[in-house]
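This report looks at charged contacts, pockets and surface in the structure shown here. Please keep the sequence and the model in view while reading.

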Amino acid sequence: EYEESRARTEHLKAELLELERKQKEALLVPAADIEAKWVEIVTQARTKILGIPTKAKQRIPDLDTDAMSVLEDVVRETLEDLSATADYDEEAE
């Protein structure tokens, strides 16, 4: 039993050293860093998508307030659908 315990300890030490090596070689990145980057990307995408109606109005000046309202509604519905899908995926994990 002692030998088995020692072998397991040595194995775990080797795994730890391997993880440290990969981290130093930038093959492993902390999960918090990845999450922060994805939050940044999604926030930028959301901001750009919310700006679509304004860009449309700049390019098509004849759009009336009803058309603008429809565009804004479609954009928000789409973002809400994406958010609901993401929430569902998180719950499935």
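Predicted model: local features only at pLDDT ≥ 70, side-chain atom pairs only at ≥ 80, totals over all residues.

Glu18 belongs to helix 1, which spans residues 2-24, and its side chain meets that of Arg21 in a salt bridge with an N to O distance of 2.4 Å. The two residues both lie in helix 1, 3 residues apart, which is about one turn of the helix. Side chains of opposite charge can pair when their charged atoms come close.

Arg21, itself partly exposed at 35% relative accessibility, also forms a salt bridge with Glu25, where the closest N and O atoms are 2.7 Å apart. Glu25 counts as partly exposed as well, at 43% relative accessibility, and Glu18, Arg21 and Glu25 are thus linked in a network of salt bridges.

## A salt bridge in helix 2

The structure holds 4 salt bridges, and one of them joins the side chains of Lys37 and Glu40, at 3.5 Å from N to O. Lys37 and Glu40 are 3 residues apart in helix 2, so about one helical turn separates them. Lys37 is partly exposed at 45% relative accessibility, and Glu40 is also partly exposed, with a relative accessible area of 37%.

The largest pocket holds about 220 Å³ of space, and of the 11 residues that line it, Val42, Leu79, Leu82, Ser83 and Ala86 are the closest to its centre. Helix 2 (31-50) and helix 4 (65-92) each supply at least two residues of this lining, with helix 4 giving the largest share, 6 residues. Sorted by class, the lining of the largest pocket has 6 nonpolar, 2 polar and 3 charged residues.

The second largest pocket, with a volume of about 160 Å³, is lined by Glu35, Trp38, Val39 and Val42. Its lining has 3 nonpolar residues, 1 charged residue and no polar ones. Val42, a residue of helix 2, is therefore found in the linings of both the largest pocket and the second largest pocket.

## A nonpolar surface patch

Val29, Ile34, Trp38, Ile41 and Val42 make a nonpolar surface patch of about 480 Å². Ile41, one of the residues of this patch, lies 23 residues from Glu18 in sequence and 31 Å from Glu18 in space, C-alpha to C-alpha.

Terms used: Residues numbered from 1 in each chain as written. Heavy atoms only, no water. Helix = DSSP H or I, 4+ residues; strand = E, 2+ residues; numbered from the N terminus. 1 Å grid on protein atoms, 1.4 Å probe; cavity = no way out; pocket = protein on both sides within 12 Å on 5 of 7 lines; lining within 4 Å. Points joined across faces, edges and corners; volume = space filled by probe spheres on them. Nonpolar A, V, L, I, M, F, W, Y, C, P; charged D, E, K, R; others polar. Patch = residues over 30% accessible without salt bridge, like charges linked within 9 Å, V, L, I, M, F, W, Y side chains within 5 Å. Areas by Shrake-Rupley, 256 points an atom, 1.4 Å probe, with all protein chains shown as cover. Buried < 20%, exposed > 50% of the residue type's maximum accessible area, 1.4 Å probe, protein only.
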